[in-house]
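Please walk through this protein with me, moving from individual side chains to the overall arrangement and back again.

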Amino acid sequence: MEFHSLPKFYLLLFLSILFLSSFHVQAKVKFNYCDKKTPYPVKVSGIEISPDPVVSGDPATFKILATSGQTIYGGEVVIGVSYLGVPVHTERIDLCKEVSCPVYDGNFLISHTQTLPAFTPPGLYSLKMTLKNSEDEVLTCIKFNFKIGRGSFVSDM
């Protein structure tokens with residue numbers, strides 16, 4: 001490569017990286033409703049997991065984007081996690097600790113951050129999330145899979 005074409009090469013390289021980085025899109029998490037026939041009052045429109053895959057020993061954030069057709073004054077989020085079909089974690093979270101209550105008609109976001117133990121085995125996990133109101137009525141129920149990768153044991157020393 002000649003010297004006078006070197007700046008053109010770097011310019012082309014820079015533009016290529018810039019162009020390709022604009023196509024970086026976070027993969028959408030596919031989910032299913034627990035009962036496809038139930039007309040849940042809360043509809044889930046998307047799920048974000050960060051980082052994806054989740055890294056054992058590091059914080060992970062799960063964001064559930066949803067829409068409610070009614071005002072929700074309180075309730076709980078029930079989370080169940082399974083690994084290879086075996087339940088490994090169950091958690092009940094006060095909805096008003098995850099969102100500002102009351103949740104009015106329209107769009108809202110449930111965001112929950114948790115640090116998994118460093119010894120969490122890597123692999124594919126299943127999560128079931130049920131949202132209930134303060135009268136214990138199910139507002140929505142979804143299931144989705146997520147991956148856990150290996151963490152670093154060095155940071156635990």
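Which polar contact joins the side chains of Glu-91 and His-89? In this model, which is predicted rather than determined by experiment, the side chains of Glu-91 and His-89 are joined by a polar contact of 3.0 Å. Glu-91 belongs to strand E6, which spans residues 86-94, and because its relative accessibility is 19%, under the 20% cut-off, Glu-91 counts as buried. Leaving out residues up to four places away in sequence, Glu-91 touches Val-77, Val-78, Ile-79, His-112 and Gln-114. For Val-77, which is 14 residues from Glu-91 in sequence, the distance between the two C-alpha atoms is 8.1 Å.

One of these partners, His-112, leads on to another strand. His-112 is placed in strand E7, and with a relative accessible area of 15% it is buried too. Its side chain has a polar contact of 3.1 Å with the side chain of Gln-114, a residue that is also among those touched by Glu-91. Beyond its neighbours up to four places away in sequence, His-112 touches Ala-60, Thr-61, Phe-62, Glu-91, Ile-93 and Glu-98. The C-alpha atoms of His-112 and Ala-60 are separated by 8.2 Å, although these residues stand 52 residues apart along the chain.

The sheet that contains E7 gives these contacts a setting. E2, E4 and E7, in that order, form an open sheet of 3 strands with antiparallel pairing. Strand E2 (42-50) and strand E7 (106-115) are the edge strands, each of them pairing on one side only, and neighbouring strands of this sheet are turned by 15° against each other on average, when direction is ignored. E2 and strand E4 (residues 59-68) run antiparallel and are joined by 8 bridges, and Ile-49 has Phe-62 in E4 as its bridge partner.

Taken over its whole length, the protein has 2 helices and 9 strands, which follow one another along the sequence in the pattern α-β-β-β-β-β-β-α-β-β-β. Among the contacts with a separation of 6 or more, 61% are between residues 24 or more positions apart. Of the 157 residues, 31% are buried, while the protein exposes about 10400 Å², of which carbon and sulfur atoms supply 61%.

What lies in the interior can be followed through the nonpolar side chains. In soluble globular proteins, nonpolar side chains tend to be buried together. Here the largest nonpolar core has 29 residues, and Phe-108, Leu-131, Phe-144 and Phe-146 touch the most other members. At least two residues of this core come from each of E2, E4, strand E5 (75-83), E7, strand E8 (123-133) and strand E9 (138-149), with E9 giving the most, namely 5 residues. Not counting residues up to four places away in sequence, Leu-131 touches a set of residues that includes Val-42, Val-77, Leu-95, Phe-108, Ile-110 and Val-138, but also Glu-76, Glu-137 and Thr-140.

The side chain of Thr-120 reaches the backbone oxygen of Pro-117 at 2.7 Å, and, with neighbours within four places in sequence left aside, Thr-120 is in contact with Ser-56, Tyr-125 and Ile-148.

Key
Residues are numbered from 1 along each chain as its sequence is written. This is a predicted model: local features need pLDDT of at least 70, side-chain atom pairs count only at pLDDT 80 or more; totals for chains, interfaces and linings use all residues. Side-chain values use heavy atoms; hydrogens and water are left out. Two strands pair if DSSP finds at least two bridges between them. Helices (H or I, at least four residues) and strands (E, at least two) are DSSP runs, numbered from the N terminus. Axes are lines fitted to C-alpha atoms, for helices over the stretch in contact, and angles run from 0 to 180 degrees between N-to-C directions. Buried means under 20% relative accessible area, exposed over 50%, partly exposed in between (1.4 Å probe, protein chains only). Contact means heavy atoms within 4.5 Å. Accessible areas come from the Shrake-Rupley method with a 1.4 Å probe; for residues, only the protein chains shown count as cover. A polar contact is a pair of N or O atoms within 3.5 Å; within protein, one must be able to donate a hydrogen and the other to accept it, and residues adjacent in sequence count only if both atoms are side-chain atoms. A nonpolar core is a set of buried Ala, Val, Leu, Ile, Met, Phe, Trp, Tyr and Cys residues joined through side-chain atoms within 4.5 Å.
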